[in-house]
Amino acid sequence: MTSELQRQHLRGEYDNVAGDGYPGDHHSLRLRRLPSQMSIHDLPHYNPSLSDAGDSEAGDHGQPRDLRSLPLPMAIKKAKLKSRGIQVPVLSKVELWKQEKLKKLRKFQTQAREFLYFLVLWGKTIQKIGGNFGGGVKSYFLFLRFLVVLNFLSFLLIAGFVIIPSLVFRQVGTSFMNSTGNERCTIYEPNPPGLVVFYNFFLDLLSGTGFMEYSFMFYGYYNNTMVGNSSFSYKIPLAYLFTAVFYFAFCLICIIARMGSAARVAVATGGSTVVNYSMIVFNGWNFGCLGETATKLKQKNLLYRLQVDLEEESLKKRAASLTLLKKFGLHSLRLLMALLVLGLNIAAFYGIYYATTYSQEQQNKRVNKESDGVQDLFFEYLPSIVISVANFLVPLLCDQIAKVEHYSPSITVIVALLRAVVLRFVGLGVLLFTLWNQITCTGNMDDAKCKECSYNYASYACWETRVGQEMYKLTLFDLLINIAVLVLVEFPRRMVVDNWSSKVSQMVGRQEFVVSSNVLGLVYSQTVVWTGALFCPLLPLINTVKFVILFYCKKITLFSNCRPPQKTFRSTTSAFFFLVVLLLGWMLASVVMIYSIAVIHPSRGCGPFRFSDNMWSIIPTSFYNLSAATQEFLFFIGSQAFTIPLFSLSGLVMCYVIALFSIYGKSVGLLRLQLKRENRDKQFLVKQIEELSR
């Protein structure tokens, strides 16, 4: 009876509230508040003795109902929670202490995550870019941030094991001299440092010559120094070689780790467009968005993702509706365009080869002549200029060709990236091939130029420094080109489009941020750094500064000069493909490093390997200087008794992982098939309900 009176009292207090506990459409939200003249004693009080009866009446099979589903005031809900808490067995002091520590630990973890979020490099900027321009443009800036961190960590590795020890041990260490061989080949006299005018200082800074040639930036500065006593030994040649190898291994591990995470995201979000649409609609929203700005950015990001799915689905339907004759015509057109792109690339390769040969000939002619300023600088930068012009014009023509091939947006990005990759990587390979031919006399050691010193000493007294200078000029010139394009092309274009209302300006319009060409620029720059890091140890630091400047330049041009892309593409697939292209660049640079270490004779007048037949020969020499126990251990690691069990165990683990991956793949396929069937069943039930309701 008391319970019934209490319910009637509650109905009287909330008779202006709808059945679901909220005011109706004709009531104001202020009616949900209790009158101010009501005392706290007038509020309905909770009697614990009535709890069980009320719960048993409302629930099924005697189970209490959830408090959130009961139309009760918050005060009564709190009282019911307290009464239920009294019935819980009392915890011991140790368990209470553990719970308290667990709560504090979780709170600390939450605060640490919030603090680390503010320490993420360019986190808010990249989130803003993703909201305004879509995930495709955002993937470029994420890729750029990854390369900045990678180059900075690589510089710390090189500085810690090569640069700093060389500077510290240079005065206290012992440099070995060679008593055999031709003394003429050991003479290396770079331009001596002295008082120069600012004009020549600026030219040396751009070309890496003069005061920069014999500095710790380039290979020729480092000696074959060794510091050792009874308890400590440090060899600069060994550290130089091992650091280069570990540098490449470290970059490979970082790329593979990033590819693994990108592949997991691509697999999770790939597949059917219907499944991806459901994931965006039901799981895409981030309830942690705080503020109007973050909410709008997330809304725009979801809009771009839905636009990608709808556009790709429409293209698939259009491709499926083509007749056999139209498909044959489309594939014939694509083949013709591919041949045209191949012709453009061949022309660019020939131009790079001719420019490199001519530049080296002009530089060799003026070895003993007085510098001619701007003309000499032009000859030094001639290969870089030709490569930059080819990298600008050919991808631009390829983008226009891709418009008539009718690929989907995501496939268009990948095809454009592949074509530009071939151009840039092979162009860099042509440059290096031309240099190696001139250094090694095309591999003919009996040639008069290479017979005396085993390499072309007359033209390349320290060929490692010369190669490092070429990579330095390529890196610096690429940065200057990006800044010049921003200032001289992109800003004037935006001003003309915004302030000149002609048909030409409106037809041209604001530029779009082309992700494929920009990503390829990053991959090309990183490949140049990997190629030249063996000959220019400071190149990773220079590239770090370059990428930081490039980030802000691209950010400025994106928000000031670019419009949102008309055709979006899936960022998950593209992010994985960007790393695949970066891995190809790493492989090209690795081939160059292996060839330089194992085949070409080091310069006899400079560098830590000046008295070795090749750079790798320092490894056997250092191995036989180790203790007998260490040699036996290393011999055991390289013996069959160790390698055969290791490879067998690795094969078993690999087979297990492959089998597990196959099982998981089949399980995922079955679950997706089950989701599709349930979706069809629901659609069938909805149709049946509609037919019965008529």
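A cavity here is a set of points, on a 1 Å grid over the protein atoms alone, where a 1.4 Å probe fits but cannot get out, and its lining residues have an atom within 4 Å of a point. You're looking at a predicted model, where local features need pLDDT of at least 70, side-chain atom pairs count only at pLDDT 80 or more, and totals for chains, interfaces and linings use all residues. Numbering runs from 1 along each chain as its sequence is written, and side-chain values use heavy atoms, leaving out hydrogens and water.

**Stop one: the largest cavity.** Select Ile 158, Val 162, Tyr 240, Thr 243, Ala 244, Tyr 247, Phe 248, Ala 533, Leu 534 and Pro 537, and you have its lining. Inside is about 80 Å³ of space, the volume being what probe spheres set on the grid points fill, with points joined across faces, edges and corners. Helix H7 (236-269) gives the largest share of the lining, five residues.

**Stop two: a helix pair.** Now pick H5 (residues 123-169) and H16 (residues 539-561); their axes come within 8 Å and cross at roughly 170 degrees. Axes are lines fitted to C-alpha atoms over the stretch in contact, with angles from 0 to 180 degrees between N-to-C directions. The two helices are therefore roughly antiparallel (over 145 degrees).

Most residues other than glycine have a negative phi. Trp 122 has a positive one of about 60 degrees, and sits in the loop between H4 (93-119) and H5. Finish at Ser 454, whose phi is near 70 degrees.

Definitions and conventions
Helix = DSSP H or I, 4+ residues; strand = E, 2+ residues; numbered from the N terminus. Parallel < 35°, antiparallel > 145°, perpendicular 65-115°, else oblique. 1 Å grid on protein atoms, 1.4 Å probe; cavity = no way out; pocket = protein on both sides within 12 Å on 5 of 7 lines; lining within 4 Å.
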